[in-house]
Amino acid sequence: MTDPLAGDTVAPAAQPATSSWEDALDIFYAPRAVFERRRDGTYLWPLLVLCVISTLVFLLSQQMNTALQDAEFARVMRENPMPAAEAKSAREMGEKFSAFSVYLIPVFTAIGAWLGGLILMGIGKLMGAKLNFAQATVITVLAAMPELLGRTIVGVQSLFMDIGTVQHRYSMSLNAARFLPGDANKWLLKFAALADPFVIWGVVLIGMGAYIIGRMEKEKAAVLAIVVALVSTILFR
């Protein structure tokens with residue numbers, strides 16, 4: 001723009017530099033500014049922050065995770081009975097996997113972010129969004145922060161509750177699936193889990209990211225966020 005006093009061209013003010021840790025915090029109360037700063041799709045450091053925090057939350061919640069896995073295994077056995085020997089072998093394999101799962105949390109978190117980015121980019125392009133893979137991934141990474149906060153609250157909650165009464169993997173969640181019985185249909189559980197304030201918060205952030213970074217109309221960005229949430233629920237939850 002032009003300075004009326006000097007008559008010279010003045011460069012527009014640059015966005016203030018912030019760290020990925022600051023973006024992980026700012027996304028809760030200043031999401032528009034965060035998405036504006038991440039228009040270029042730089043997602044590596046925010047993803048690293050997400051992986052680190054996810055691992056810490058998992059470690060905090062290990063006792064609860066074991067109880068939920070046991071309840072989920074029992075539910076699957078009720079739905080798909082198998083001979084005792086096979087059931088024992090499956091449980092032993094699950095226990096061995098659980099022993100190494102803490103090392104896999106960062107890997108699964110990163111893969112989940114990349115798959116989420118692919119889904120958002122693919123569906124977004126069909127709906128007119130101007131998103132490349134990096135931009136879509138940074139949206140999914142930042143939009144995952146509220147749900148991560150929700151998992152932290154659940155982990156803290158588990159320290160003060162009787163985890164011996166869980167019936168399925170949503171039994172200690174903060175969503176509607178928590179109140180469903182252990183023999184509830186798995187698809188009912190999946191979609192009831194969407195009725196979660198932190199999941200809804202994340203969906204709103206996806207829509208905001210698509211609007212700001214993907215340059216979509218607000219209404220289309222909102223529809224895109226809902227569609228992505230439904231597809232992700234079918235595939236991953």
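Modeller: What follows begins with the chain as a whole and then turns to one pair of helices. The model is a predicted one, and in it the protein chain has 10 helices and zero strands, so that, by the definition of these elements, the pattern along the sequence reads α-α-α-α-α-α-α-α-α-α. Of the 237 residues in the protein chain, 43% are buried, while the chain exposes about 13,200 Å², with carbon and sulfur atoms supplying 68% of that area. Among contacts with a separation of 6 or more, 64% are between residues 24 or more positions apart.

Now to the pair itself. Two packed helices are described by the angle between their axes and the distance between the axes. Helix 7 spans residues 145-158 and helix 9 spans residues 197-212, and their axes come within 7 Å of each other, crossing at roughly 165°. Because angles over 145 degrees count as roughly antiparallel, helix 7 is roughly antiparallel to helix 9. The crossing of helix 7 and helix 9 is right-handed. On the side of helix 7, the contact is made by Pro146, Glu147, Leu149, Gly150 and Ile153, and these meet Phe198, Val199, Trp201, Gly202 and Leu205 of helix 9. Sorted by class, the residues in this contact between helix 7 and helix 9 are seven nonpolar, two polar and one charged.

Technical notes
Residues are numbered from 1 along each chain as its sequence is written. This is a predicted model: local features need pLDDT of at least 70, side-chain atom pairs count only at pLDDT 80 or more; totals for chains, interfaces and linings use all residues. Side-chain values use heavy atoms; hydrogens and water are left out. Helices (H or I, at least four residues) and strands (E, at least two) are DSSP runs, numbered from the N terminus. Buried means under 20% relative accessible area, exposed over 50%, partly exposed in between (1.4 Å probe, protein chains only). Contact means heavy atoms within 4.5 Å. Accessible areas come from the Shrake-Rupley method with a 1.4 Å probe; for residues, only the protein chains shown count as cover. Axes are lines fitted to C-alpha atoms, for helices over the stretch in contact, and angles run from 0 to 180 degrees between N-to-C directions. Angles under 35 degrees count as roughly parallel, over 145 as roughly antiparallel, 65 to 115 as roughly perpendicular and the rest as oblique. A crossing is left-handed if the near helix is turned anticlockwise from the far one by less than a right angle, and right-handed if clockwise. Ala, Val, Leu, Ile, Met, Phe, Trp, Tyr, Cys and Pro count as nonpolar, Asp, Glu, Lys and Arg as charged, and the others, Gly among them, as polar.
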